[in-house]
Amino acid sequence: MPSILPVGDPAPADGLLPRTGSPDGAGSSLERDFGLYVHVPFCRVRCGYCDFNTYTATELRGVKQSDYAAQAIAEMHFAQGVLGASGVAERPLSTVFFGGGTPTLLPAQQLVAMLHAARDTWGFAPDAEITTEANPDSVDAAYLQALADAGFTRVSFGMQSAVPSVLATLERTHDPARVPLVVRWAREAGLHVSLDLIYGTPGETIDDWQRSLDAVVAEQPDHVSAYALIVEDGTKLARQIRSGVVPEPSDDLQADMYERADATLEAAGYDWYEVSNWAHRDTGAPSRHNLGYWVGNDWWGIGPGSHSYVGDTRWWNVKHPAAYAQRIAAGESPAAGRETIDGDTRELERILLLTRVRGALRIPTLAPAARREVAGLIADALVEGPAALAGTLTLTLKGRLLADAVVRRLT
């Protein structure tokens, strides 16, 4: 089952945000970009490693996928009212991201309808980045062209691996041979392309991983994400490992795989900008939506289980689509709980997130005790010396592998 929601304070039915005395309301800042995340909680099958808040057709219990777009649009209208009533300055959307689940299980017209509703509600910044996630087997050329014609600018394909046996362990359903097709169709539609990989799958060898990296490089996407497999409690994969059906992932092997990814991608023209993300230095760009999370921008999350963050308030929606639909139909906030971030927590999270982003953490903004740690981090080859002298903290390759340790020393 999907992971449990955090424990927080009760969220009011009207959704109003607490005022903090900030001149632009609810603790937000006009200098922050505003993003929209739209969660589409549907999957054709549940992958054994996944604990995301997603549901197959048999798990929906009385709600229909075909009703979801209207519900999401209703939450957008509710959000606009909440932000206005809470005194939050109105801003156009800098980024929109459709994630899941598998957003492209819905007909293209429904994604387009939600995108148009977002535009009509808030407007788009002139250079807005509009992304959807997609499985390689959930789209065709006509589908991708319809998205591009509607204003989508980017698609992120869940490739995960080029090796059939690895995909089978992950319970991914697509044929690796389809990835070049969908990349070509996306490019022909005028969309920027990101390919997402997972490494450290039980039974995956370093040669398997290199095969996947070579397959990615052959497609020359604009952007690549590579995430170490995490075995989450409650998933089918966790049960398989406990029972000895599959081996537990090796931390040492995952570290070797990360180093192999960085070397292969760098040689192919990609620069890392966040620990798990690379952009092509000629044709690509960072995912601005994900950067918004890391640098502390505001965003509203639409849909079951979605999280939002505006000003100093973070909240999360009820998980199940049926509970979400009921709240939306009643005109109530779908939030299940929320918390207000205090100064100490905000600073801890700022360091935790910005440390992962290349050159994003300004050393002069650190507390004196943390600044004194920087020299030791340089001596331990965890932080780049020249960047530190210029005032920014940038992890070395070794530092990226030990990012949590770096954060502990800074906090």
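Entry 1: I take buried as under 20% relative accessible area, exposed as over 50% and partly exposed as in between, with a 1.4 Å probe and protein chains only. Helices (H or I, at least four residues) and strands (E, at least two) are DSSP runs numbered from the N terminus.

I note that this is a predicted model, in which local features need pLDDT of at least 70 and side-chain atom pairs count only at pLDDT 80 or more, while totals for chains, interfaces and linings use all residues. Residues are numbered from 1 along each chain as its sequence is written, and side-chain values use heavy atoms, with hydrogens and water left out.

**Entry 2: the partner of β9.** I checked strand β1 (residues 34-40), which pairs with β9 in the parallel sense over 5 bridges; pairing requires at least two DSSP bridges between the strands. Tyr37 stands opposite Gly301 of β9.

**Entry 3: helix α2.** I compared the length of α2 (residues 108-122) with expectation: its 15 residues should span 21 Å at 1.5 Å a residue, and the end C-alpha atoms are 21 Å apart, in agreement. The expected span is 1.5 Å times one less than the number of residues. The buried residues of α2 include Leu111, Met114, Leu115 and Trp122. I find that the buried residues of α2 pack against β1, α1 (68-85), β2 (93-100), β3 (124-134) and α3 (141-150), where contact means heavy atoms within 4.5 Å. Gly123 follows α2 with a positive phi, near 80°.

**Entry 4: α1 and α10.** I looked up the packing of α1 with α10 (residues 321-329): the angle is about 55° and the axes are 10 Å apart. Axes are lines fitted to C-alpha atoms, for helices over the stretch in contact, with angles from 0 to 180 degrees between N-to-C directions. The two helices, α1 and α10, are therefore oblique to each other, since angles under 35 degrees count as roughly parallel, over 145 as roughly antiparallel, 65 to 115 as roughly perpendicular and the rest as oblique. Tyr68, Gln71, Ala72, Ala74 and Glu75 of α1 meet Tyr324, Ala325 and Ile328 of α10.

**Entry 5: Val357.** I located Val357 in the loop between α11 (343-354) and β13 (361-362). Val357 counts as buried at 6% relative accessibility. Leaving aside residues up to four places away in sequence, Val357 touches Tyr273, Glu274, Leu291, Trp294 and Leu393.
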